[in-house]
Amino acid sequence: MSPPQHRDEHRSEPLDERLRDNAALDEIELTSRLMIAASGADARLSQDEVDALLGVAGDDDPVN
């Protein structure tokens, strides 16, 4: 009978780079920023604050 494996002993193979989805990772990062900012805010975030967190121009900002 083999000895039981501990969680620390289990090692997974590195992720195949062909499976990496940069768009999904970027979306997760932006969502995380919004969640952290919203959880630390005293009031609802304004649209300008959300736009700033996402790095996008608001309706009043000129687009380059």
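I began with H1. This helix has 19 residues and reaches 27 Å from first C-alpha to last, close to the 27 Å expected at 1.5 Å a residue. I note here that the model is predicted.

**Entry 1, overview.** I looked up the secondary structure next. The protein chain comes to two helices and zero strands. I then checked burial. Of the 64 residues of the chain, 5% count as buried. I also took the surface total. The chain exposes about 6400 Å², and carbon and sulfur atoms supply 51% of that area.

**Entry 2, salt bridges.** How many salt bridges does a search of the whole structure find? I got two.

I took the pair inside H1 to begin with. Arg33 forms a salt bridge with Glu29, and their closest N and O atoms are 2.8 Å apart. Where do Arg33 and Glu29 lie? I found both in helix H1, which covers residues 22–40. They are four residues apart, about one turn of the helix. An α-helix has 3.6 residues a turn, so residues three or four places apart point the same way. I looked up the exposure of each partner. Arg33 counts as partly exposed at 38% relative accessibility. Glu29 is partly exposed too, at 40% relative accessible area.

I turned to the other pair. Asp16 forms a salt bridge with Arg18. I read 2.4 Å between the closest N and O atoms of Asp16 and Arg18. How exposed is Asp16? I have Asp16 as partly exposed, with a relative accessible area of 28%. Arg18 is exposed, at 73%.

I went to the start of the helix. Which backbone nitrogen does a side-chain oxygen of Asp21 reach there? I found that of Ala23, with the Asp21 oxygen reaching to within 3.2 Å.

I also checked Arg20. Its place is in the segment before H1. The Arg20 side chain makes a polar contact with the side chain of Asn22, at 3.0 Å. I logged Arg20 as partly exposed, with a relative accessible area of 44%.

**Entry 4, recap.** The Arg33 and Glu29 salt bridge lies within the helix. Asp21 reaches the backbone nitrogen of Ala23 at the helix start. Arg20, from the segment before H1, contacts Asn22 through side chains.

Key
Residues numbered from 1 in each chain as written. Predicted model: local features only at pLDDT ≥ 70, side-chain atom pairs only at ≥ 80, totals over all residues. Heavy atoms only, no water. Salt bridge = Lys/Arg side-chain N within 4 Å of Asp/Glu carboxyl O. Buried < 20%, exposed > 50% of the residue type's maximum accessible area, 1.4 Å probe, protein only. Expected span 1.5 Å × (residues − 1). Polar contact = N/O pair within 3.5 Å; in protein donor to acceptor, adjacent residues only side chain to side chain. Areas by Shrake-Rupley, 256 points an atom, 1.4 Å probe, with all protein chains shown as cover.
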